[in-house]
Amino acid sequence: MAKEQIQVLNALDVAKTQWYHFTAIVIAGMGFFTDAYDLFCISLVTKLLGRIYYHVDGASKPGTLPPNVAAAVNGVAFCGTLSGQLFFGWLGDKMGRKRVYGMTLMMMVICSVGSGLSFGHSAKSVMATLCFFRFWLGFGIGGDYPLSATIMSEYSNKKTRGAFIAAVFAMQGFGILAGGIFAIIVSAAFNSRYTAPAYEVDPAGSTVVQADYIWRIIVMVGALPAALTYYWRMKMPETARYTALVAKNMKQAAADMSKVLQVEIQAEPQSEDPAKPKPYGLFSKEFLTRHGLHLLGTSSTWFLLDIAFYSQNLFQKDIFSAIGWIPPAKTMNAIEEVYKIARAQTLIALCSTVPGYWFTVAFIDRIGRFAIQLMGFFFMTVFMFALAIPYDHWTHKDNRIGFVVMYSLTFFFANFGPNATTFVVPAEIFPARFRSTCHGISSASGKLGAIVGSFGFLYLAQNKDKSKADAGYPAGIGVKNSLIVLGVVNVLGFFCTFLVPEAKGRSLEEMSGENEEDVGTGEESEQSHSHNSNNKTVPYV
């Protein structure tokens, strides 16, 4: 490996934690904050959309979104995200992280505003416009996954890299929390200004005309945090690892990092070695032998985790209703229902989602990614089965609190576990020229799991008795059996974790085998330690 290349990258590896690390976390993290807000805020307002646009005169229950519309509104953003992860992941390796990073943010801002302005005379046209903008919103969000993780891993030092990448991801927790709190504030304000009777008292009067503004305000506010960080994103220099290892511009990498790290890094003129073998490509046999199993490991664990994670999120509302946190819909007016759903989701986020993320940040560089992921999958399995097997016991009024505690613990161990680690690991174990693409592939398989989890379980969790199933849905296997299936999914996730290597405390080049590759001999991949760039240090202020 060229000496000056080692010097630039080693300077990053051994750098003390400083101010620029935190600005990078905030800049990348605000994107994630917005992602979570935008993806999860829709679940707060789906019941309201049903009441406004699908009201049936004379019906005993308030209007709900028909199954195909509910699936489209919830799922179209996931489809967009999946496409965005693959496309922008690939583009981030082709054009550079920084150039693509601004594009994804602009898309998120424009489409958040667009989805709030969904227009049309009929319910169908409003939903179609909303779905259109949510697809492209998802596309922008998808780009944020591989780029945020890659940028953060390439900026970090090796001692605290896991915590920094996990901290970016942990902003998702705050995004979910902000969505819930904002929905509580908006619905409470509207409810005090426009009082309305409950649905059973006056079906038509229970949904005031102004309720239509509520969901629009909630989805549009997602544009604000993204717009605020746009300027800072554009000022970030390209990561040194991309500039040095992919664009092969040592001088620029050294100059950028001297500025960021505030130390003098000398770049020596780069000499091209004509005898050096051409680096292998993504679809080569060499990639398959070196990283094939790693990619399978990161993709399968993320896929399996998201099946469990997103199915929980989606039957969260139903679980709250079943245990009585949210009273029957007909006993409330439309705005009250938004308030109660938002309150329940905010409590879950506050008690289990947010703490779980930060536990990962605190421990990931101490006990390692592998241990946290195994532990998370193990406890998720335990709690899923503990909820499923005595399910009838949990439905009694006296046992409600126990049910919520177990449910919260499942979430806590998803976030202090595979939900965070599956995001961190793909950004660490692949070579720089594929890093963003491989992270995109892994996160896209995660989103595929989210689609299976959300839609599969929308139908599966329905009551076995067709007459008790939600309007328009066929009979399912019931919540109890659905939870058992999810327990099995977590067991599979536990075993797939063994395909993924541990990256704690090791440099990115050592993990990806780029050290030996640059020396020019393939056989030395076993001895990556001997090529570790630690042995050269840089004067550090």
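User: Leaving aside neighbours within four places in sequence, which residues is Gly 297 in contact with?

Analyst: Contact means heavy atoms within 4.5 Å. With those neighbours set aside, Gly 297 touches Cys 496, Leu 499 and Val 500. This is a predicted model, where local features need pLDDT of at least 70, side-chain atom pairs count only at pLDDT 80 or more, and totals for chains, interfaces and linings use all residues. Residues are numbered from 1 along each chain as its sequence is written, and side-chain values use heavy atoms, with hydrogens and water left out.

User: Is Gly 297 buried or exposed?

Analyst: Buried means under 20% relative accessible area, exposed over 50%, and partly exposed in between (1.4 Å probe, protein chains only). Gly 297 counts as buried because its relative accessible area is 0%. Of the 541 residues in the protein chain, 60% are buried.

User: Where is Gly 297 placed?

Analyst: It sits in helix 11. Helices (H or I, at least four residues) and strands (E, at least two) are DSSP runs, numbered from the N terminus. This protein chain has 20 helices and 0 strands.

User: Which helix gives the largest share of the lining of the second largest cavity?

Analyst: On a 1 Å grid over the protein atoms alone, a cavity is a set of points where a 1.4 Å probe fits but cannot get out; lining residues have an atom within 4 Å of a point. Helix 11 gives that largest share, 4 residues. Helix 6 (161-193), helix 11 (285-314) and helix 17 (432-460) each supply at least two lining residues. Among the lining residues are Trp 302, Asp 306, Phe 309 and Tyr 310.

User: How much space lies in the second largest cavity?

Analyst: A volume is the space filled by probe spheres set on the points, with grid points joined across faces, edges and corners. Here that space is about 70 Å³. The whole structure has 6 cavities of 30 Å³ or more.

User: And how many disulfides does the structure hold?

Analyst: A disulfide is a pair of cysteine sulfur atoms within 2.5 Å. The structure holds 0 of them. Cys 438 is buried, since its relative accessibility is 0%, and Cys 41 is buried at 1%.

How values were computed. On a 1 Å grid over the protein atoms alone, a cavity is a set of points where a 1.4 Å probe fits but cannot get out, and a pocket is an open set with protein on both sides within 12 Å along at least five of seven lines; lining residues have an atom within 4 Å of a point.
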